[in-house]
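Please open the structure in a viewer and keep the selection panel at hand. The stops below are meant to be followed in order.

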Amino acid sequence: MLEIDQVTIRFGAIEAVSNADFSLSEDELLALIGPNGAGKTALLNSVCGIYTPASGDIRANGRSTIGAAPDEIAAMGIGRAFQHGELFGGLTVTENLMVGRTRQLWGAVGWAGFRWGRYMRHEVEALTRVEQVMDFFEISHHRDTMVEDLPFGLQKLVGVARALCGDPEVLLLDEPSSGLTRQEKEDFARFLLRIRHDLGLPVLWIEHDMQMVMDLADRIVVLDYGKIIADGEPAAVASSPAVIDAYLGRPLNADEGAVSPTSQPEEVVPR
Ligand SMILES: Nc1ncnc2c1ncn2[C@@H]1O[C@H](COP(=O)(O)OP(=O)(O)O)[C@@H](O)[C@H]1O
Ligand SMILES: [Mg+2]
């Protein structure tokens, strides 16, 4: 679905990502973890066309995305939710989700001048899709609420919902759980599993909460100073000495992978 092929990203003299190489297969929930400044967001930004890699290739469904503009990359099936939401606080949930649909609507705008009916049909389609997505995330009762009036956890969910409204084939999430309470994280975890299992959508997921990662991810890629230091199944990655040394600080106990509403163990805080 998504191939990161020997990607290097530079900002002036800084090499933020060095020869990153991994791919995301269908149905895979892949967690990208690592210390602050490791290059995780830079890598995600290069996948959606905000940064251009200095070298290497990125392919979506076998087609190179290098040189394509962000909206063209979205049209290639890459959907992205931002670290800080980037929502319109003064607009309603429905209006924000309609923004996630603009790619499809813009396609119809060219027709609007002389074929009003065609534009209307696209708008009706967009609203239908937005309603489906709100239903999926159980936020339909908030459809007319201003986003700024929602609790933070729901705002983050709206950000993910908006990315889904563009009908992506791959979803990119940058720290979707940061700032959420434990309860909000558990709700979010449930939706992440439903995106993975019910929608069958592959997800590349940057996450700091190791408890969530251990519990949900199919695979983990670890970046440290721009280099991949581990790539594999969660249990193997969490016990890798290089990962413990660079990121975890200590080995994780087996029960630290369980997100349970009753036990609520302490979060593992990376060094
Ligand atoms: N737009 C930018 N301009 C210059 N340097 C940047 C830019 N974005 C990121 N960097 C640098 O690249 C490195 C990786 O940053 P980032 O990808 O944000 O890390 P992470 O998301 O893993 O915390 C850092 O050294 C950061 O300062
Ligand atoms: Mg980041």
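**First stop: D21**

Select D21 and display its surroundings: leaving aside neighbours within four places in sequence, D21 is in contact (heavy atoms within 4.5 Å) with I4, D5, Q6 and I228. This is a predicted model, in which local features need pLDDT of at least 70, side-chain atom pairs count only at pLDDT 80 or more, and totals for chains, interfaces and linings use all residues. Residues are numbered from 1 along each chain as its sequence is written, chains are lettered from A and ligands numbered from 1 in the order in which they are written, and side-chain values use heavy atoms, with hydrogens and water left out.

D21 belongs to strand β2 (residues 14-24); strands (E, at least two residues) and helices (H or I, at least four) are DSSP runs, numbered from the N terminus. The side chain of D21 reaches the backbone nitrogen of Q6 at 2.9 Å, a polar contact (a pair of N or O atoms within 3.5 Å; within protein, one must be able to donate a hydrogen and the other to accept it, and residues adjacent in sequence count only if both atoms are side-chain atoms).

**Second stop: ligand 1**

Which atoms lie 3.1 Å and 3.0 Å from an oxygen atom of the ligand? They are a backbone N or O atom of A38, at 3.1 Å, and a backbone N or O atom of G39, at 3.0 Å. From the side chain of T41, an N or O atom is 2.8 Å from an oxygen atom of ligand 1. The protein covers 62% of the 560 Å² of accessible area that the ligand has on its own (Shrake-Rupley method, 1.4 Å probe).

Select F137, L171, L173, I195 and W205, the residues with the most contacts inside the largest nonpolar core, which has 49 residues. Such a core is a set of buried (under 20% relative accessible area, 1.4 Å probe, protein chains only) Ala, Val, Leu, Ile, Met, Phe, Trp, Tyr and Cys residues joined through side-chain atoms within 4.5 Å. Helix α6 (residues 152-165) supplies its largest share, seven residues. Finally, select A68, I73, L204 and L223, which are among the 28 residues of another core, lying apart from the largest one.

Note on methods: Buried < 20%, exposed > 50% of the residue type's maximum accessible area, 1.4 Å probe, protein only.
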